[in-house]
Amino acid sequence: MNRNLIDQYEHAPARLRAAAAGLTHAELTARPGPGKWSVLEVVVHIADSDAISIDRMKRILTEDNPPLLYANETAYVDQLFTHDQSLEDALTLLEVGRRQWARVLRRLPDAAFARTGQHNRRGTVSLGQLVGDYINHIDEHLAFVHGKRAALGKPL
């Protein structure tokens, strides 16, 4: 396991915070392209997804090849009043969750990153794979946030 990935995992939310900075509530909830979600919906989605991912990683470490269930991200955004949630709270949850979990990841022996779980849609996933996936998850959504800012006339 490349231990530098843990630092990237922990610090990735700072890029998301910077990308959402300076937008009004109306801009945060607007839905210009690309994608159909607003900036706020993207940020809340990432915070929700991260909470699920940390639970999955904990289960991989504490259970033998546990089942890992799919979470319907579209239903979360559509049915959990995303536009009534706080950008600041979502970013704080994301940052604190990653900071706290990175402390655990740093203490693990390299062999722990090969431990696996069984995702009901993706199949076998390892702890190390999930760490990398959730670095990429923020990077993938940052492209949408930057595109939305540009569509709003507020590029970074």
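## Ile-52 in helix H3

Ile-52 belongs to helix H3, which spans residues 39-62; helices here are DSSP runs of H or I with at least four residues, strands are runs of E with at least two, and both are numbered from the N terminus. The model is a predicted one, in which local features need pLDDT of at least 70 and side-chain atom pairs count only at pLDDT 80 or more, while totals for chains, interfaces and linings use all residues. Residues are numbered from 1 along each chain as its sequence is written, and side-chain values use heavy atoms, with hydrogens and water left out.

With a relative accessible area of 22%, Ile-52 is partly exposed; buried means under 20%, exposed means over 50%, and partly exposed lies in between, for a 1.4 Å probe and protein chains only. Not counting residues up to four places away in sequence, Ile-52 touches Ala-71 and Tyr-76, where contact means heavy atoms within 4.5 Å. Ile-52 and Thr-82 are 30 residues apart in sequence, and their C-alpha atoms are 17 Å apart in space.

## Other residues of H3

Asp-50 also lies in helix H3. Its relative accessibility is 2%, so Asp-50 counts as buried. Apart from neighbours within four places in sequence, Asp-50 is in contact with Tyr-9, Leu-94, Arg-98 and Tyr-134.

Thr-62 is likewise a residue of helix H3, and at a relative accessible area of 63% Thr-62 is exposed. Thr-62 and Arg-115 are separated by 53 residues in sequence and by 9.8 Å in space, C-alpha to C-alpha.

## H3 against H6

The axes of H3 and helix H6 (residues 127-151) come within 11 Å and cross at roughly 180°. Axes are lines fitted to C-alpha atoms, for helices over the stretch in contact, and angles run from 0 to 180 degrees between N-to-C directions. H3 and H6 are therefore roughly antiparallel to each other; angles over 145 degrees count as roughly antiparallel, under 35 as roughly parallel, 65 to 115 as roughly perpendicular and the rest as oblique.

On the H3 side, the residues making this contact include Val-39, His-45, Asp-50 and Arg-56, and on the H6 side they include Leu-127, Tyr-134, Ile-138 and Lys-148. By class, the contact of H3 with H6 has 12 nonpolar, five polar and three charged residues. Ala, Val, Leu, Ile, Met, Phe, Trp, Tyr, Cys and Pro count as nonpolar, Asp, Glu, Lys and Arg as charged, and the others, Gly among them, as polar.

## H3 against H5

The axes of H3 and H5 come within 9 Å and cross at roughly 25°. That angle makes H3 roughly parallel to H5. The crossing of H3 and H5 is left-handed, a term for a near helix turned anticlockwise from the far one by less than a right angle, with right-handed used if clockwise.

Among the residues in this contact are Leu-40, Val-43, Asp-50 and Leu-61 of H3, together with Leu-87, Leu-94, Arg-98 and Trp-101 of H5. By class, the contact of H3 with H5 has 13 nonpolar, one polar and three charged residues.

## Nonpolar cores

The largest nonpolar core has 22 residues, of which Leu-16, Val-39, Val-43, Leu-87 and Ile-138 touch the most other members. A nonpolar core is a set of buried Ala, Val, Leu, Ile, Met, Phe, Trp, Tyr and Cys residues joined through side-chain atoms within 4.5 Å. Two or more residues of this core come from each of helix H1 (4-20), H3, H5 and H6, and H3 gives the most, with seven residues.

Leu-87 touches Ala-20, Leu-28, Leu-40 and Val-43, residues up to four places away in sequence not being counted. A second, separate core of 18 residues includes Leu-68, Leu-105, Phe-113 and Val-131.

## Backbone features in the loops

Most residues other than glycine have a negative phi, and most peptide bonds are trans. A cis peptide bond, with omega about 0°, joins Gly-33 and Pro-34. Pro-34 is placed in the loop between helix H2 (25-29) and H3.

Asn-65 has a positive phi, near 45°. Asn-65 is in the loop between H3 and strand E1 (67-68) and is partly exposed, with a relative accessible area of 38%. Phe-81 also has a positive phi, near 55°; Phe-81 is found in the loop between helix H4 (73-79) and helix H5 (87-107), and counts as exposed at 62% relative accessibility.
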